Amino acid sequence: MATPQSLLDVGTEYQYGFRDEIEYVYKAEKGLSRRVVEMISHMKGEPDWMREFRLRALEIFLKKPMPTWGNTKLLSEIHFDDIYYYIKPAEKQGRSWEEVPEQIKNTFEKLGIPEAERKFLAGVSAQYESEVVYHSIREDLERQGVIFMDMDSGLREHPDLVRRWFGKVVPPADNKFAALNSAVWSGGSFIYVPPGVHVEIPLQAYFRINAENMGQFERTLIIADEGSRVHYIEGCTAPIYSTDSLHSAVVELIALKGAHIRYTTVQNWSKNVYNLVTKRAVAYEDATVEWVDGNLGSKLTMKYPSVYMVGKGARGDILSVAFAGPGQHQDAGAKVIHAAPYTTSTVVSKSISKGGGRTTYRGLVQVDEGAVGVKCNVRCDALLLDEFSRSDTYPTMNVKEDDVRIEHEATVSKVGEEQLFYLMSRGLSEQEATTMIINGFFEPFAKELPLEYAVELNRLIALEMEGSVG
Amino acid sequence: MGNTLMTASPAGLERIKTISHHLGEPDWASALRREAWQRFMETPMPSRTHEHWRRTDISHLRLEDIVPTVPTRTPAPPDWLEETIRVGARRVAGTLAFVDGALAYSHVTDSLRKQGVIFTDWAQAVHSHPDIVRRAMEQLDYDPADEKFTAMARAYATGGTVLLVPAGVRLTLPLQTFFTATNATAVFPHTLVILEEGSRVTLLDGLLSPDLPTRAFGSGVADLILGEGAELTYVLFQQWGRGMEYFHHQRAVLGRDSHLTTITVALGASLSKATIESVLCSPGAVSDMLGVVFGDDNQHFDHHTVQLHTVGNTTSDLLFKVALDGQAYSAYSGLIRIEPGAQKANAYQRNENLVLSRQAHAETLPNLEIEANDVRCTHGATVAPMDTEQMFYLMSRGLAPRDANRLIVEGFLQPVLDRISAKSLREMVSAKVDEKIASGRF
């Protein structure tokens with residue numbers, strides 16, 4: 001069995017590393033100040049409460065020290081004054097595909113989003129630059145009362161819903177980067193699924209960073225009302241630039257009684273991006289939240305998707321994979337907080353480090369007083385492909401109740417020699433065999449992805465593995 | 001009551017001069033003491049924001065105000081300690097006992113002496129074996145996070161055990177040393193174990209006292225140095241009375257093909273925090289680290305273990321079992337660290353927590369930092385309540401709930417205690433663990 005030619009053809013050049021010349025309608029000044037934040041709010045024509053919210057968050061951001069844990073060396077290299085905090089690419093939002101500016105369509109062409117897929121998708125909310133320029137919602141979704149739009153439109157058109165939930169799951173004071181996002185957020189998705197509605201097909205959004213030194217601070221809020229069901233997918237690709245970019249998103253999920261939310265991420269920022277993201281979900285009674293989180297790109301990712309189980313019988317599942325190549329540090333993990341009885345959670349983390357790359361699993365399992373009958377299982381596996389790479393595991397389990405079962409297991413090892421020997425005895429080259437073993441290692445993640453993402457993941461791994469052995 | 005609580009730091013300096021003088025220490029020893037004191041004074045109090053200190057609140061401690069007792073006379077061991085010594089006496093090769101930092105009892109068998117084993121107190125060893133002790137002391141290198149406490153312990157230590165086992169001497173009978181507090185409100189136990197090439201010994205280091213009438217403080221260090229092919233079983237048995245707040249740092253340095261088994265048994269104190277570290281810096285070294293914690297009432301335990309593999313072809317294993325009743329709290333944090341180039345290192349770490357009461361609180365943080373790839377590192381941690389099926393089974397056989405409970409907790413902890421190969425020590429420690437379990441609410 002040989003690796004398909006298409007896998008080997010994938011070039012060593014970063015394939016999405018092109019850059020379009022785009023005329024920016026408005027370009028904010030570099031750096032962060034009260035004036036910049038007020039300008040952002042003014043440009044967007046926001047209500048007073050949002051402006052106040054932003055200004056308060058700015059104060060918190062300025063006051064909060066940088067984290068003293070994690071990769072403090074890389075973090076210290078972020079120059080907050082050298083970043084554009086808001087850029088508006090086009091004045092008006094596209095209503096239909098025809099209205100989308102030609103240049104932006106070209107970008108999607110290069111990204112290789114097939115025409116058929118666009119039609120198949122329930123709605124494409126593509127964040128290009130700092131603001132959503134295009135989205136459409138299939139009519140049947142609209143008929144069901146599902147709201148799927150960019151966050152700015154959400155704020156305009158559904159002010160009550162937004163005001164009720166915005167910043168409630170991730171308050172600005174949660175951490176320095178959540179505060180930053182709260183001050184300068186722009187774009188992102190707003191989704192509301194009415195009671196009992198099952199959204200059958202995944203809702204998707206594509207994000208890209210453009211413009212040198214531009215930050216991307218999208219803000220996503222998903223509310224699944226009682227008994228509803230929704231799957232949201234975000235995938236990222238970004239062009240390569242010479243200086244560092246900062247991506248600092250906040251994602252808030254609310255799964256009301258009996259609701260089910262799955263949030264899938266395939267993160268493949270170019271390798272100069274700081275990806276510092278706060279993702280958190282609240283699961284009410286009998287609700288389920290699943291995070292499926294893949295981290296392949298970026299220079300430094302710090303992201304710990306979390307589920308707060310606040311209602312009896314709630315469930316949280318987090319599946320996280322990370323791949324760190326040369327110069328990369330994937331500091332990812334998961335947090336499950338059991339604040340109610342009979343809540344259950346599983347965490348599976350898989351990571352691979354190669355060529356001096358570093359992966360870190362940082363996790364928390366917390367069981368609050370009164371949360372009886374809790375079950376939680378955490379499993380972390382790490383593969384180290386060479387002697388220069390590094391893998392860390394920092395789980396924390398904090399249990400304040402006796403009637404609970406918590407298990408954690410982790411292993412770190414290299415690619416099994418016996419597996420390699422077996423595959424190579426069947427005629428595979430060492431590289432093909434290693435690629436196959438790694439694909440197998442990531443299989444639990446890949447099988448949770450829609451087909452096109454799984455294919456992309458396999459291609460990316462083959463690309464990463466090229467020239468790494470033999 | 002000892003006059004141990006004085007204010008103003010120079011009192012500390014005066015006091016270590018007095019101690020040095022009183023013990024008749026050679027210049028190099030008092031210089032080391034002064035150096036340690038200097039470091040103690042210069043090191044700031046650890047901040048709660050430091051990862052290592054996040055889980056133990058020490059903001060009420062005023063370390064600079066604590067001044068050690070100068071041992072002025074040879075005290076007699078209290079009755080309860082004499083009893084403990086007597087019980088094991090026939091099956092051990094030597095016993096030391098310290099009361100409030102002064103040597104109160106010492107016995108070594110003739111055969112031990114004939115084999116050239118040195119088993120004595122610190123004050124004696126600095127005179128009789130200055131070169132060996134000095135060389136060992138100058139090489140010590142502790143985790144900076146514990147510096148405040150380790151430097152303090154080294155500056156103020158008065159009593160303490162020194163054990164030197166010459167090359168090739170393999171002892172079959174174990175040794176035991178006890179350190180207790182009666183009047184002192186501050187204790188600074190210090191243990192130094194040096195095993196030369198191919199030697200073998202088992203040492204029990206007991207830190208114990210009845211419940212203390214007032215709040216007491218302790219900071220201790222244990223240094224274990226294993227030469228090529230040496231085998232050491234070191235049992236740290238901590239049963240300070242309530243009222244004690246005790247800080248401990250144990251560091252073992254393992255030579256080529258040496259084998260260390262360290263068994264930590266923590267039952268006592270109101271608050272205790274310990275760092276237990278094995279440095280595997282020569283090929284073939286093996287470290288087995290085991291621990292048992294049983295907490296009740298509102299006892300606070302904070303254990304940190306380190307399995308540091310600086311070179312390859314080294315093996316470490318760890319099993320830490322924690323049972324908690326009442327409102328007891330336990331934090332276990334463990335680090336396996338494989339340094340770059342330490343290929344073919346093999347490390348395992350397992351922490352199990354048995355939570356017996358709704359108010360008990362267990363935290364576990366088993367950490368891995370791996371910078372070599374041809375390794376096998378695995379860790380696991382569990383937190384679980386009393387197994388109701390086991391309870392049901394035992395009760396269906398006619399056991400009262402109380403007895404069934406006790407049996408299950410004993411059964412949970414026993415696998416660790418079974419690793420104490422010296423029978424007399426195993427029986428003594430097991431009896432004390434069982435006694436504490438039985439004294440609980442069951």
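Predicted model: local features only at pLDDT ≥ 70, side-chain atom pairs only at ≥ 80, totals over all residues.
**Entry on strand β15 of chain A**

Next I looked up which strands pair with β15(A). Strand β13 of chain A, residues 273–283, pairs with β15(A) in the parallel sense over 4 bridges, and within this pairing I found A:L300 as the bridge partner of A:Y274. Strand β18 of chain A, residues 329–338, also pairs with β15(A) in the parallel sense over 4 bridges, and there A:M302 has A:D331 as its bridge partner.

**Entry on the nonpolar core**

Which residues touch the most other members of the largest nonpolar core? Of its 253 residues, I noted A:A255 and A:A283. I then followed the contacts of A:A255, leaving out residues up to four places away in sequence, and found among them A:A224, A:H260, A:I261, A:V289 and also A:A283.

**Entry on chain B as a whole**

I counted the secondary structure of chain B as 10 helices and 20 strands, and I found that buried residues make up 52% of its 442 residues. The C-alpha trace of chain B spans about 65 × 50 × 50 Å along its principal axes. I also checked the radius of gyration: a compact globule with 442 residues would have a value near 22 Å, and chain B agrees with this because its own value is 21 Å. Among contacts in chain B between residues at least 6 apart in sequence, 82% join residues at least 24 apart.

**Entry on where chains A and B touch**

How many residues of each chain are in contact with the other? I recorded 32 residues of chain A in contact with 34 residues of chain B. On the side of chain A that touches chain B, β22 (390–399) and β23 (404–413) each supply at least two residues, and by class this side has 11 nonpolar, 9 polar and 12 charged residues.

I then followed β23(A) across to the other chain, where it pairs with strand β20 of chain B, residues 376–385, in the antiparallel sense over 7 bridges. As one position to look at, I noted that A:A410 stands opposite B:H379 in β20(B).

How values were computed. Residues numbered from 1 in each chain as written. Chains lettered and ligands numbered in written order. Pairing = 2+ DSSP bridges. Contact = placed C-beta atoms within 7 Å. Nonpolar A, V, L, I, M, F, W, Y, C, P; charged D, E, K, R; others polar. Rg over C-alpha atoms; globule rule 2.2 N^0.38 Å. Buried ≥ 20, exposed ≤ 12 C-beta atoms within 10 Å, placed from the backbone. Core = buried A, V, L, I, M, F, W, Y, C linked by C-beta atoms within 7 Å.
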